[in-house]
Amino acid sequence: KNLFRIHNLKHEKSKCNICGRLMRRDNLRKHVLIHTADPAVCSICGATFKNFEGLRTHNFHYHKHTANQYICEECGKSFRTKYNFLLHQKKVHLGLKNFKCSICGKAFFTNKSLLKHGRMTHEKQRPYVCEYCGTGFSSSYALRTHKRKHTNEKPFVCEHCFEGFRQRVSLRSHLKSKHGIEEAKEFICKTCEKGFATNWALSIHQRLHETKKCEICSENFAGDEYLANHLTEVHQLEVEIKQES
């Protein structure tokens, strides 16, 4: 009887907390991945898919006979366009940031990123506007995250209890406090030895060690020279830069 009852549980319908769809309980966990898995991007044409299954189907139908002609000798990764190939080399293997902001000194891999930085950071442009409340944001990602407050969308779901969250960081906190699960912090800061779960989080943290902060308006700069220029031009303060002996 117990085995029969356990078997019947598989056929009971459960509801997805994100989209409300009803399905068999044993299919729910796989279905949740459609909402929570990171998007997969086609390296050939840039098309974006909800998961790698969609990307594989796309490649089979559209790029089955397409050969990537630019191959990185360092890691073997291939690219269809020369632009993406050179950008990969700059970011991953060379670390070349040739485009520097004349205001704060921050450097970027591409001129496009530099121009975007100028518009968003120094000109304070907020082109991404919420259709519900009119609040502006500097990026589509920030707007998308904000809109979840209005729609109550919770795309990050705990695979243990199926509770949903608006942001991934909230899911991480939930896993740690409720289930005792914490992501491995394999990326260590060489300056302060603090650990992080992703290389991206580490790179954001390292900016704290590399930048100089204006104590008046809290804006960050790449060095003393840029901070001094900012204090002089924006806050009308006379500042002397200490020369290293």
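Biologist: What should the 12 residues of helix α5 span at 1.5 Å a residue, and how far apart are its end C-alpha atoms?

Modeller: The expected span counts one less than the number of residues, each step being 1.5 Å. In this predicted model, helix α5, residues 111–122, should therefore span 16 Å, and its end C-alpha atoms are 16 Å apart, which agrees.

Biologist: Which residues of α5 are buried, and what covers them?

Modeller: Burial is judged by relative accessible area, with under 20% taken as buried. In α5 the buried residues are Leu 114, His 117, Gly 118 and Met 120. Their cover includes the strands β7, β8 (107–108) and β9 (128–129).

Biologist: How does helix α6 read by the span test, and why?

Modeller: Helix α6 covers residues 140–151, and its 12 residues should span 16 Å at 1.5 Å a residue; the end C-alpha atoms are 16 Å apart, so expectation and model agree. The buried residues of α6 are Leu 143, Thr 145, His 146 and Arg 148. Covering them are elements that include β9, β10 (136–137) and β11 (156–157). After α6 comes Asn 152, with a positive phi near 60°.

Biologist: Which residue ranges does UniProt list for "domain: C2H2-type"?

Modeller: The unreviewed UniProt entry lists residues 70–98, 99–127, 128–155, 156–184, 187–214 and 212–240 under that name. Over residues 99–127 the chain is 41% helix and 14% strand, with end C-alpha atoms 23 Å apart. Over residues 128–155 the figures are 43% helix and 14% strand, with the ends 21 Å apart.

Biologist: How many helices and strands are in the protein chain, and what percentage of its contacts join residues at least 24 apart?

Modeller: The protein chain holds 9 helices and 16 strands. Among contacts between residues at least 6 apart in sequence, 13% join residues at least 24 apart. Buried residues make up 24% of the 245 residues.

Note on methods:
Residues are numbered from 1 along each chain as its sequence is written. This is a predicted model: local features need pLDDT of at least 70, side-chain atom pairs count only at pLDDT 80 or more; totals for chains, interfaces and linings use all residues. Side-chain values use heavy atoms; hydrogens and water are left out. Helices (H or I, at least four residues) and strands (E, at least two) are DSSP runs, numbered from the N terminus. Buried means under 20% relative accessible area, exposed over 50%, partly exposed in between (1.4 Å probe, protein chains only). Contact means heavy atoms within 4.5 Å. UniProt positions are given in the numbering used here, feature names are shortened, and annotations may be inferred rather than shown by experiment.
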